[in-house]
Amino acid sequence: MILFSLPDYYGIFNLNLALLDLMENQREKFYDDVVVDSIYGSFPCIWNGGRFYEGGTSFGNIVATTTPFTERGISLRHTFTNCLLTEEHLNDTLCNKICELTHNPLHGINVNSTLLKSYLEEKYPDFYIMWSTTLCTEDLAQINFLSEKNLLVLDYNLNNNFEFLAKLEHPENIEILVCETCIPNCPNRKEHYLHESNCQLFNETSHYNCPWVNNPTFYTGACQQPHYVSIDNIRQNYLPLGINKFKIMGRGRPAIEAIENYINYLVKPEYKDDIRMQLLTHLG
């Protein structure tokens, strides 16, 4: 089976819930070999990284948001990848409450910090740990070491380097980011992550202007990149290597893009228009 991780359990909650319901009630319209295994994202909190979320959330909203996915057996992966965390941030009340309310072996946490990883493993041992693509590592030895005991989202620049992929020692623990819109080897990537982390830490909105962005939508960005991975490519090249976990990007992006990605990877061709229209009714 092909296991997909969807974006943004918080930002596009209604859309993701609608998709799961459609996959359950109209299963014949979706590819037989695809499963939604998890949804990644974060509530607005200082541990969040990768994309900035303004504001805060209530304890009641955390429960109301996460419970429907938990009841469906969908793994939630908190994206706690703020690059600027120090020991003083580990005791943050909201972040720890998020962990307390969702502490369940079904759920996991994306990290890029050994400091936070150690803290979580000691205080919330039921979570599984996943190394984030924000590590920005292309070192084979490091990837093989980190993926020995934990899941790891591979740097997108390595997606179609099949000579490299064949050397992975734990392909069952590797997840591939299939539709990244960023250019190959973006020179501003780490700077962008630091910018978003700083905004989240101080809850200050500040748009990051990347000079390499050129209308990066699904149609004009992701599917034209050399690191793009199609559903046919998954079946033909990745499954034979033992890689069956794939991540759809879209956190912090317009929901319409998430819909197009869902249609592209999950839905049989003859039902794409039908499912698209049904999902569009859940926007707004």
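Which helix gives the most to the lining of the second largest pocket? H1 does, with 3 residues. The legends below describe close-up views of a predicted model.

**View A. The second largest pocket and its lining.** The space in this pocket comes to about 150 Å³. Its lining consists of Leu20, Met23, Glu24, Arg27, Val35, Val36, Arg72 and Ile74. Sorted by class, the lining has 5 nonpolar and 3 charged residues, with no polar ones.

**View B. Helix H1 and strand E2 at the second largest pocket.** Helix H1 spans 13-25, and strand E2 spans 34-41. Each supplies at least two residues of the lining. H1 makes the top contribution, 3 residues.

**View C. Helices H9 and H10 cross.** H9 covers residues 255-266, while H10 covers residues 272-280. Their axes come within 10 Å and cross at roughly 150°. Angles over 145 degrees count as roughly antiparallel, so H9 is roughly antiparallel to H10. The crossing of H9 past H10 is right-handed.

**View D. Residues in the contact of H9 with H10.** From H9, the contact draws on Ile256, Ile259, Glu260, Ile263 and Asn264. H10 brings Lys272, Ile275, Arg276, Leu279 and Leu280. In this contact, 6 residues are nonpolar, 1 is polar and 3 are charged.

How values were computed. Residues numbered from 1 in each chain as written. Predicted model: local features only at pLDDT ≥ 70, side-chain atom pairs only at ≥ 80, totals over all residues. Heavy atoms only, no water. 1 Å grid on protein atoms, 1.4 Å probe; cavity = no way out; pocket = protein on both sides within 12 Å on 5 of 7 lines; lining within 4 Å. Points joined across faces, edges and corners; volume = space filled by probe spheres on them. Helix = DSSP H or I, 4+ residues; strand = E, 2+ residues; numbered from the N terminus. Nonpolar A, V, L, I, M, F, W, Y, C, P; charged D, E, K, R; others polar. Axes fitted to C-alpha atoms, helices over the stretch in contact; angles between N-to-C directions. Parallel < 35°, antiparallel > 145°, perpendicular 65-115°, else oblique. Left-handed = near helix turned anticlockwise from the far one by under 90°. Contact = heavy atoms within 4.5 Å.
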